[in-house]
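Hi,

Here is the structure I promised to pass on to you.

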Amino acid sequence: MARRSVLVGSGTCLPERIVTNAELATRIDTSDEWIRTRTGIHQRHLAGENDTCVSLATGAARSALENAGIPASDIDLIIVATSTPDQAFPSVAVRVLGELGISRGYGFDVAAACSGFIYALSIADGLIRAGNARCALVIGSEIYSRILDWEDRGTAVLFGDGAGAVVLRASETDGEDGILVTHLHADGETGDLLYVDGAVGLRDKPGVLRMSGRDVFRHAVAKLASSVDEVLSSCNLQHSDVSWLVPHQANIRIIEGVAKKLDLPMERVVVTVDRHANTSAASIPLALDEARRDGRIRPGDLVLMEALGGGLTWGSALVRF
Ligand code: ACO
């Protein structure tokens, strides 16, 4: 028998306001046609004045707890992956503990940009396997609209806001269910390809996102293709064993590129980038929740998740449902 982390619930929280490409094109020198053909994005949800990273994370957490059918009091660990916290501290995770009325257990945030959810999932899995947590909420929550340069059409059209969450529970199993393996990577030498040019530590310079799109694209397809091969071969599994690919939703062309390297038809890839745009650390749990709720992902399915983001950071996770 081995102690494993089993994914028992998932949830979503998206801001009410939907902004289409056509609406963006009234404010920015762009067009629906350019955005759709280059990225696959049709629309995005953007945070309203009252939305915060904590409120979106809490909404996704409540939705995931309800989906799992467990009370908040069962949770003893919250990890929030975010690059857009409301405050330097307390962490978003500890604020969410407070919102849920949990006064025991522990929580912290993880900053790994768009790979944040894979990083957070990997850390939560490690803590559960080590016996340091029993039931964890892993949340990706982002408000990128607040760190975009709205004058830069090359980046402003790519992102959206939202939060997604999963509930992991420790399970003693001799079967093959739960998180099988996670692999994480980072290459600090590529830090200037995608970054925010400021932070709370720099007085009067909160910072906006900067990106060399073509370079990121090139790194994304190559690094993600080798990352997914790495996780599969570490479990002696083949491309054909994958039931569903749930990729980070940055750009449909990156997603198609990875699916092609896996010989996976697009019918087995969960895509939300058309409706959510790139929600960074929130994109995988948002996509996963959609595919669990609409019945695509079923018990026994092997789900492969992968992401790449600023750092560059990247990684993959393999989960049996
Ligand atoms: N609307 C209209 N025209 C635009 C826009 C826009 N929103 N943005 C750029 N252009 C123009 C440029 O000015 C340029 O015009 P020019 O040829 O007259 O100089 C032209 O379109 C081509 O610009 P490129 O930046 O070279 O466009 P490219 O084909 O590389 O597409 C894109 C840009 C979509 C960002 C692409 O590089 C890409 O997908 N990169 C991946 C990066 C990504 O997805 N990042 C998200 C965060 S990282 C992550 O999550 C993995």
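Ser280 sits in the loop that runs between helix 9 (273-276) and helix 10 (283-293); helices here are DSSP runs of H or I with at least four residues, strands are runs of E with at least two, and both are numbered from the N terminus. Ser280 has a relative accessible area of 1% and is therefore buried, where buried means under 20%, exposed over 50% and partly exposed in between, with a 1.4 Å probe and protein chains only. The side chain of Ser280 also makes a polar contact of 3.0 Å with the side chain of Tyr144. (A polar contact is a pair of N or O atoms within 3.5 Å; within protein, one must be able to donate a hydrogen and the other to accept it, and residues adjacent in sequence count only if both atoms are side-chain atoms.)

Before you go further: this is a predicted model, in which local features need pLDDT of at least 70 and side-chain atom pairs count only at pLDDT 80 or more, while totals for chains, interfaces and linings use all residues. Residues are numbered from 1 along each chain as its sequence is written, and side-chain values use heavy atoms, with hydrogens and water left out.

For the chain as a whole, I found ten helices and 13 strands. The radius of gyration, taken over C-alpha atoms, is 18 Å, close to the 20 Å from the globule rule for 321 residues, so the chain is as compact as a globular protein of that length. That rule is 2.2 Å times the number of residues to the power 0.38. Of the 321 residues, 57% are buried.

Now to the ligand. Its shell holds 22 residues, and the closest are Thr30, Arg38, Arg153, His248 and Asn251; a residue is near the ligand if one of its heavy atoms lies within 4 Å of it. Helix 7 (213-234) is among the helices that supply at least two shell residues, and helix 7 gives the most, with four. Where does the ligand lie? Domain 1 (4-171) and domain 2 (178-320) both give residues to the shell, so the ligand lies between them; the domain bounds come from an automatic or database domain assignment.

As for individual atoms, a backbone N or O atom of Gly213 is 3.0 Å from a ligand nitrogen. On the side-chain side, a polar atom of Arg214 lies 3.0 Å from a ligand oxygen, and an N or O atom of Asn251 is 2.5 Å from an oxygen of the ligand.

Best wishes
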